[in-house]
Amino acid sequence: MRKFAVLTDSACDIPADMQKKYNIDILSFTITVDGESYIERVDFTNEQYYDMLAKCTDIPKTSQITMMRFEEQFEAYLAAGVEDVLYVSINSGGSNTHSAALMARRNFLEEHPGCPMHITIVDSRTYSMGYGWFVCEAARKLAGGADMRTVADYLEDAFARLEIALSVFTLKFIKKSGRISAAAAFAGELLGLRPVITIIDGNTATAAKVRGDNAVMPSLAAHLKKRIAPGALYLVGGTDKENCKQLARLCKKELGRAPEMIFELGAAVATNTGPNAVAVVFLGEKRR
């Protein structure tokens, strides 16, 4: 079997045990908080970062993964005798990281004419375990002998069905990140409104607005029931374990089955949602 490597970036939010199980390489984003730079998955735990978010003066900034870092990774793979590389990226519409990977591949192949190593790059068009789950599945399939083209087609099919619905208990970070307008955020805070935000094909939209914190999780569970394809998998995630457990219970009540897993939002994602977010990740009907 050809020697392969599976690569992604830290916005995938793949837990450490799953990363180890499936032998996945993860390039981490650099995040600047109040003038100090940190490396995601290295310098803090998710819980520590939520605390940093709650206390920070300015909204943290996330730096894209550079072309140079990708080229260095590709060089390391070549030296290790890797023949097939799969890189699955964060949504290209929300980060230039995908473009950096494409440019790195072009430069790498120009510098290594006739190189036997093939590099496949897939744009997830989503965030967090919306692609992290499928990166793990791709690694499992490759380890089982599947060829790279089949696995890439599997990923494209999954991402053509993947949907995320999320909500927050404070609009501060969503407003700063530009996910909803400042005016709408201000009005929402005054009225006690909370948005149900969808991420589909890399695009964000406000699907609904509910009044009060108590309506947030029931609205997400109802949205999931309405949009999920029959029998399709779903995941529950967030920044608070108890909220995640409550949302999972509500979703199980709606669908009659538990989520495949409950996961934590990592720093790159939580920077935009804030430290009080909950989400459902699921497969809907195929769009493309």
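Reader: What makes helix α9 lie across β8, β9, β10, β11 and β13?

Author: Contact, meaning heavy atoms within 4.5 Å. Helix α9 (residues 216-227) lies across β8, β9 (193-200), β10, β11 (234-238) and β13. Its direction is at about 10° to β13. Axes are lines fitted to C-alpha atoms, for helices over the stretch in contact, and angles run from 0 to 180 degrees between N-to-C directions. Helices (H or I, at least four residues) and strands (E, at least two) are DSSP runs, numbered from the N terminus.

This is a predicted model: local features need pLDDT of at least 70, side-chain atom pairs count only at pLDDT 80 or more, and totals for chains, interfaces and linings use all residues. Residues are numbered from 1 along each chain as its sequence is written, and side-chain values use heavy atoms, without hydrogens and water.

Reader: How do you know that β8 and β13 pair?

Author: Two strands pair if DSSP finds at least two bridges between them. Strand β8 (residues 162-168) and strand β13 (residues 277-283) have seven bridges, so they pair. The sense is antiparallel. L166 has A279 in β13 as its bridge partner.

Reader: Which strands are at the edges of the six-strand sheet?

Author: The open sheet runs β10-β9-β8-β13-β11-β12, with mixed pairing. Its edge strands are β10 (203-211) and β12, each pairing on one side only. Neighbouring strands are turned by 20° against each other on average, direction ignored.

Reader: Why are β2 and β7 edge strands?

Author: An open sheet of four strands has the order β2-β1-β6-β7, with parallel pairing. β2 (24-27) and β7 (118-123) each have a single partner strand, so one side of each is left without a neighbour in the sheet. From one strand to the next, the twist averages 20°. Four bridges join β1 (residues 4-9) to β2. D25 in β2 is the bridge partner of L7.

Reader: Which helices lie across β1?

Author: Helix α3 (residues 67-79) lies across β1, β2, β6 (84-89) and β7, at about 165° to β1. Helix α5 (residues 129-143) lies across β1, β2 and β6, at about 175° to β1.

Reader: What lines the second largest pocket?

Author: A pocket is an open set of points on a 1 Å grid where a 1.4 Å probe fits, with protein on both sides within 12 Å along at least five of seven lines. Lining residues have an atom within 4 Å of a point. Of its 16 lining residues, I14, P15, R41, N46 and E264 are the closest to its centre. β12 (262-264) gives the most to the lining, with three residues.
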